[in-house]
Amino acid sequence: MPLNYSKWDKLELSDDSDIEGHPNVDKKSLIRWRQRDIHEKREMRKLRIAQLKADIACNEVLKPRLQQITQEVEAQGAPHFSSLVERFKTNPSPEAPPTNAPEQKSYDEMLLSLMLQVWEEAKKKGVEKDDPNLSDALVAGLKEHLVKLDEHQEKLRKDLQHEEEEQHKKITMEDLHEGFESHYVPPKPAPPPVKGAIQPEKPKKTVTEYEVINPKGVESAPQKEPSTSSTPSPSQTAADNDDELPELTPSLEQFSRIPLRGYEDSWEFIKAHRDVYVPGASDALLVAAFRAQRDGNAKYAQQCVHQSLLLQYCEKLGKDGPSLFFRKMTSGDPRATSVFEKDVADTYAHLVERVRISKAEESAAGSEQIQLVPENPDQSISFNVPDGPPPENIELEGPGFENVSVEEVKKALQMRWDVFQSFSEPLQKALQSQSLDEVNKILGAMSIEQAEQVVKLLDVSGILSFSGGGIRDETGQDEEEGDEGDVEDDGEGEGEGEGAKNQDVD
């Protein structure tokens with residue numbers, strides 16, 4: 001079997017027998033001259049290749065511009081040719097080939113030189129400036145140069161290919177590169193658990209030390225293991241009482257958006273994001289599901305429950321739990337899918353029930369109300385309800401009204417009437433009935449902010465007659481008597497009156 005030495009063809013090797021020179025010239029000089037000749041030819045070849053690439057790139061820019069000029073001259077005639085020549089002379093574009101050559105011409109200067117050459121060739125053919133065939137001669141000259149440009153471009157490409165083949169015939173230092181490298185790459189650290197996740201309890205060791213009379217004798221005696229016991233530390237107790245709930249990370253947020261039964265997408269996502277399969281991730285998804293269900297987003301709540309149980313099943317299956325779980329689910333095994341989907345449905349139903357119970361407990365806990373009550377049993381609250389707008393003629397009689405302006409009285413009465421008219425019809429009827437219970441019933445049906453605003457308007461307009469503009473907080477008076485406190489009203493002025501109470505209704 002003949003041996004194949006073709007893989008050594010690119011190695012340029014020589015020995016003493018390859019160099020034959022004149023006997024009067026030492027061999028070391030001949031070797032150095034040959035090395036220098038080889039390196040000089042390599043450098044000249046590299047320069048030649050760079051020049052060919054630059055010429056090809058320049059011609060590729062000039063060709064479409066020359067084609068456009070040919071089409072425009074063919075359509076508009078010789079005057080357009082003259083205008084282009086004038087523009088290239090007076091206002092050429094500075095765009096030029098990206099080379100470091102001194103006095104590098106721009107593209108417009110190259111086109112101007114070519115167009116002037118076309119004009120000279122047309123004059124040599126006997127076509128003058130006023131000749132009707134001038135446009136045809138110019139177009140023919142431009143097309144002829146386009147053909148020459150294509151031929152020259154093809155020749156340049158062939159020369160470039162030949163030079164590159166010669167360059168790669170022998171292996172040089174520039175062809176050496178790093179094929180592969182073998183070194184130790186440490187594994188990525190495990191991602192941290194979700195913030196707020198419940199950490200497994202670790203047994204704490206307590207060491208019992210004994211004080212002895214003869215410590216030297218104890219040191220020389222054989223030692224025994226100290227007694228240990230698992231006792232919770234203060235930090236652990238504080239952690240148990242911490243009510244911080246696990247929150248979704250950005251990766252878990254994306255993971256929770258995967259549609260139901262998207263097992264392949266979930267598996268690919270877990271492989272690409274290691275921080276999804278960490279302690280506390282399933283709890284964070286359940287918390288997000290509870291919040292979504294409470295806000296009325298049932299579809300997203302189901303997705304969160306589905307992805308949470310998916311992570312729980314992977315954790316329960318052991319070290320290779322994710323691959324084992326998804327292999328079962330993607331294989332279409334009806335036993336595995338039915339068990340998992342039933343668990344998802346049951347868990348979601350339980351979550352819906354818990355949300356309903358939570359809302360019921362919140363509503364049953366009571367809501368704060370604003371109620372009007374006198375400060376002491378000896379006083380009462382009355383309402384000065386206007387019968388209508390103030391009359392046109394008002395006469396002020398009696399002591400104390402000498403310096404009172406009639407216009408100010410009219411404004412006050414008009415403000416009282418406007419405030420009364422701004423109230424709802426049930427509140428107007430309750431005020432006209434002079435029944436404190438009816439007014440409190442209307443105030444109890446309002447929100448805290450709205451009721452406070454109504455009490456403020458009643459006080460400012462003078463409809464509410466009492467000796468103090470404050471609002472009393474008698475919350476929980478039924479459970480614990482005597483626990484009273486004054487809460488200042490947010491209104492601007494303080495009138496005369498008793499107060500109002502802020503009471504919880506169970």
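Let's start at Ile171, which is partly exposed, with a relative accessible area of 38%. Keep in mind that this is a predicted model. Ile171 sits in the loop between helix H4 (134-167) and helix H5 (215-220). It belongs to a nonpolar patch on the surface.

Now to helix packing. Two packed helices are described by the angle between their axes and the distance between the axes. Take helix H1, residues 27-76, against H4. They pack at an angle of about 160°, with axes 9 Å apart. So H1 is roughly antiparallel to H4. Their crossing is left-handed.

Next pair: helix H8, residues 263-272, and helix H11, residues 321-330. The angle is about 160°, and the axes are 10 Å apart. H8 and H11 are therefore roughly antiparallel to each other. H8 passes H11 in a left-handed crossing.

On to charges. Side chains of opposite charge can pair when their charged atoms come close. How many salt bridges does a search of the whole structure find? The search gives 20. Here are some of them.

Lys41 is partly exposed at 48% relative accessibility. Asp37 is partly exposed too, with a relative accessible area of 34%.

Glu166 and Lys169 form a salt bridge at 2.9 Å, N to O. Glu166 is partly exposed, at a relative accessible area of 26%. For Lys169 the value is 45%, so Lys169 also counts as partly exposed.

In helix H12, residues 334-364, look at Glu353 and Arg356. They are 3 residues apart, so about one helical turn separates them. The closest N and O atoms of their salt bridge are 2.4 Å apart. Glu353 is partly exposed, at 34% relative accessibility.

There is also a network: salt bridges link Arg48, Lys155 and Asp159.

Last topic, the backbone. Most residues other than glycine have a negative phi. Which way does phi go at Arg261, positive or negative? Positive, at about 65°, although Arg261 is not a glycine. Arg261 lies in the loop between helix H7 (250-256) and H8.

Gln434 also has a positive phi, near 60°. Gln434 sits in the loop between helix H14 (425-432) and helix H15 (436-444). With a relative accessible area of 40%, Gln434 is partly exposed.

Technical notes. Residues numbered from 1 in each chain as written. Predicted model: local features only at pLDDT ≥ 70, side-chain atom pairs only at ≥ 80, totals over all residues. Heavy atoms only, no water. Patch = residues over 30% accessible without salt bridge, like charges linked within 9 Å, V, L, I, M, F, W, Y side chains within 5 Å. Areas by Shrake-Rupley, 256 points an atom, 1.4 Å probe, with all protein chains shown as cover. Salt bridge = Lys/Arg side-chain N within 4 Å of Asp/Glu carboxyl O. Helix = DSSP H or I, 4+ residues; strand = E, 2+ residues; numbered from the N terminus. Buried < 20%, exposed > 50% of the residue type's maximum accessible area, 1.4 Å probe, protein only. Axes fitted to C-alpha atoms, helices over the stretch in contact; angles between N-to-C directions. Parallel < 35°, antiparallel > 145°, perpendicular 65-115°, else oblique. Left-handed = near helix turned anticlockwise from the far one by under 90°.
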